[in-house]
Amino acid sequence: MNTQTLLNNVATINKDNGIFVNAKEFLKELRQVATAVAKPSDHRPNLTFVHVRIAENNLILEATDSHVLERANVAASIPSELVGKEFLIDGKFAKNLSKSPTKHGNQLGIYPQFNEEKYLGIISIVGGGEEFIDDSRENISVFGYPDLVRVTPYLNDATVKFDVQQKEIFPVLKEIVKIVNKPGLTEEFKEVKKTEVVALLVKDNVVKLKYSNWEKDLEFPIAVTNIEVEGEFKINFNVKKLKQRLQHLSSRENLTFRFYQNAYRPFTISRENGGLGLVCPIRWY
């Protein structure tokens, strides 16, 4: 179905404000982002929306469970007046829509509704001669993905960074995970260990991981290069999540860790091949 035919099928939509994407590519990435973090847990919130940022030539899809942030880019044809705006897609709506990515034709028209810059909580997605409407107005009390600034870092915002090879940090993460899973822990520690929280400390030219087993604090220095930090920086994170991000990489792969403004935003892990991983910090309150 060509663009004009698609538009003619939806008389109620402003035809000048459509975002057009390849249906298969968009739905594949939408489902990946929506399901990657949709694993309910007693120990962390399950945030249920996919957040979409509208760039000049692409859509940036993001979702988080507050421990990790999943991100994907999809090429798109975008009207200039929509560039820079943001909208949300309900997680269940996203997963249902993307179950059969090939049945909606070759192209999708996406029509989020705005009042000036504010997203109104309604989006229409049109393809294959059908219109699908996500009306989330009752579930969006305040515009923006929960803690939007905290969970969506931008690379040029980094205030602390360092480079490290996978072989320098991954064995340390493995060792800490062994300690976390060590049998014979006290009942009190068993309750705390469920979060698997580790602190990363950056000061001067030293980076180390710090873990408490309630008997003493254990510190693990890491050999890194190209440190940039002002004063001292500390962030808490889930050690198993970071281990999962790095376990399939080459031991000699160089990684750049970047941290943003404060300890409440995710840090990014940039790979030599251009890949990008993100890990959200853990709040104690």
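**Charged side chains in a predicted model**

Let's start with Arg258, which sits in strand β15, residues 254–260.

A word on the source. This is a predicted model, so local features need pLDDT of at least 70, side-chain atom pairs count only at pLDDT 80 or more, and totals for chains, interfaces and linings use all residues. Residues are numbered from 1 along each chain as its sequence is written, and side-chain values use heavy atoms, leaving out hydrogens and water.

Back to Arg258. Is it buried or exposed? Arg258 is buried. Buried means under 20% relative accessible area, exposed means over 50%, and partly exposed lies in between, with a 1.4 Å probe and protein chains only. Arg258 has no salt bridge. A salt bridge needs a side-chain nitrogen of Lys or Arg within 4 Å of a carboxyl oxygen of Asp or Glu. The nearest side chain of opposite charge is Asp163, 6.7 Å away. For charge, Lys and Arg count as positive, Asp and Glu as negative, and His and the chain ends are not counted.

What does the side chain of Arg258 contact, then? Ser270: a polar contact of 2.9 Å joins the two side chains. A polar contact is a pair of N or O atoms within 3.5 Å; within protein, one must be able to donate a hydrogen and the other to accept it, and residues adjacent in sequence count only if both atoms are side-chain atoms.

Now the salt bridges. How many are there in the whole structure? The search finds 7. Let me show some of them.

One joins the side chains of Arg53 and Glu62, at 2.9 Å from N to O. Arg53 and Glu62 are both buried.

Another joins Asp135 and Arg137, at 2.5 Å, N to O. Asp135 is partly exposed, at 42% relative accessible area. Arg137 is partly exposed too, at 48%.

Then there is Glu232 with Lys203, at 3.9 Å, N to O. This pair links distant parts of the chain. Glu232 lies in strand β14, residues 232–238, and Lys203 in strand β10, residues 197–203; the two are 29 residues apart. Glu232 is exposed, at 53%. Lys203 is partly exposed, at 44%.

Last, the whole protein. It has 7 helices and 17 strands. Of its 285 residues, 48% are buried.

How values were computed
Helix = DSSP H or I, 4+ residues; strand = E, 2+ residues; numbered from the N terminus.
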